Amino acid sequence: MKKIKSIITIMLIGIMIMVSMAGCKTATKKPAPARYTPAPTRTTPAPSKTAPGYTTPAPRTPTMPAPTPVRKPTTESVRASKIASNVAKIPEVNKATVVVSGSTALVGVDMKARVQGTHETDVKKKIEKTIKNTDKSITRVYVTSDPDLYKRIDNIARGISAGRPVSEFAKQISEIIKRITPGM
């Protein structure tokens, strides 16, 4: 009886292993969705050149893209360039960038390291005088030596030189003027 029990136990263990192995088999894959294949297009023979009503198609000429127009510098950018070159000639100034809008000039200058304090104020007055002598139509001049403002003015000047309108930068210009003259 013990022998029969051990044989039955071994058979039950074997059956359980087989059942568990059957449950672990890989799942069957779903069939791939059918792909759309377009029906072949039917071609009709070209009409013969002798058939009635046949017209010869016009020859095609390759189209060239229209050349981009060369933008002429605006009068404001020409004025600003002239003013900037004259301001840069001042001995205390390394370089200058200018934006002109109507009768207003917004000037950013990179001054030499030795220019500080009251001497800086004197140099700014000299710059203002140079600007008004260079362009008689300028009535208001805003000068800054702040490196951040200089960079912003330079970016605006580059945009205007590239042909973008001054009006596109009106908000930035007014913000810079407020930073230059905070009390006004």
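User: In which element is threonine 104 found?

Analyst: First, the ground rules. This is a predicted model, where local features need pLDDT of at least 70, side-chain atom pairs count only at pLDDT 80 or more, and totals for chains, interfaces and linings use all residues. Residues are numbered from 1 along each chain as its sequence is written, and side-chain values use heavy atoms, with hydrogens and water left out. Helices (H or I, at least four residues) and strands (E, at least two) are DSSP runs, numbered from the N terminus. Threonine 104 is found in strand 2.

User: How many helices and strands does the chain have, and in what order do the elements run?

Analyst: The chain has 5 helices and 3 strands. From the N terminus on, they run α-α-β-β-α-β-α-α.

User: Is threonine 104 buried or exposed?

Analyst: Buried means under 20%, exposed over 50%, and partly exposed in between (1.4 Å probe, protein chains only). Threonine 104 has 11% relative accessibility, so it counts as buried. Across the chain, buried residues make up 26% of the 184 residues.

User: What does threonine 104 touch?

Analyst: Contact means heavy atoms within 4.5 Å. Not counting residues up to four places away in sequence, threonine 104 touches Val99, Ile138, Arg140 and Tyr142. One of these partners also makes a polar contact. That is a pair of N or O atoms within 3.5 Å; within protein, one must be able to donate a hydrogen and the other to accept it, and residues adjacent in sequence count only if both atoms are side-chain atoms. The side chains of threonine 104 and arginine 140 are joined by such a contact of 3.0 Å.

User: Where does aspartate 135 lie, and why does it count as buried?

Analyst: Aspartate 135 lies in the loop between helix 3 (117-134) and strand 3 (140-144). Its relative accessibility is 10%, so aspartate 135 counts as buried. Its side chain makes a polar contact with the side chain of serine 137, at 2.6 Å. Leaving aside neighbours within four places in sequence, aspartate 135 is in contact with Arg79 and Ile83.

User: What span does helix 4 reach from its first C-alpha to its last?

Analyst: Compare the span with expectation. The expected span is 1.5 Å times one less than the number of residues. Helix 4 (residues 147-161) has 15 residues and reaches 21 Å, close to the 21 Å expected.

User: What caps the N-terminal end of helix 4, and what follows the helix?

Analyst: Aspartate 146 is the cap. One of its side-chain oxygens lies 2.9 Å from the backbone nitrogen of aspartate 148. Glycine 163 follows helix 4, and its phi is positive, near 110 degrees.

User: Which residues of helix 4 are buried, and what covers them?

Analyst: The buried residues are Leu149, Tyr150, Ile153, Asp154, Ile156, Ala157, Gly159 and Ile160. Their cover includes helix 2 (75-88), strand 1 (93-101), strand 2 (104-111), strand 3 and helix 5 (170-180).

User: How many salt bridges does a search of the whole structure find?

Analyst: Side chains of opposite charge can pair when their charged atoms come close. A salt bridge is a side-chain nitrogen of Lys or Arg within 4 Å of a carboxyl oxygen of Asp or Glu. The search finds 8. Among them is the pair of aspartate 148 and arginine 179, at 3.1 Å, N to O. Aspartate 148 lies in helix 4 and arginine 179 in helix 5, so the pair ties together parts that are 31 residues apart in sequence.

User: How far apart in helix 3 are lysine 124 and glutamate 120?

Analyst: Lysine 124 and glutamate 120 are 4 residues apart in helix 3, so about one helical turn separates them. Their side chains meet in a salt bridge (3.6 Å, N to O). Lysine 124 has a relative accessible area of 25%, so it is partly exposed.

User: Which residues make the nonpolar surface patch?

Analyst: Patches are made of residues with over 30% relative accessible area and no salt bridge: like charges are joined within 9 Å, nonpolar side chains (Val, Leu, Ile, Met, Phe, Trp, Tyr) within 5 Å. Accessible areas come from the Shrake-Rupley method with a 1.4 Å probe; for residues, only the protein chains shown count as cover. Here Ile4, Ile8, Leu12 and Ile15 make a nonpolar patch of about 370 Å². Isoleucine 8 sits in helix 1 (residues 2-23). At 44% relative accessibility, isoleucine 8 counts as partly exposed.
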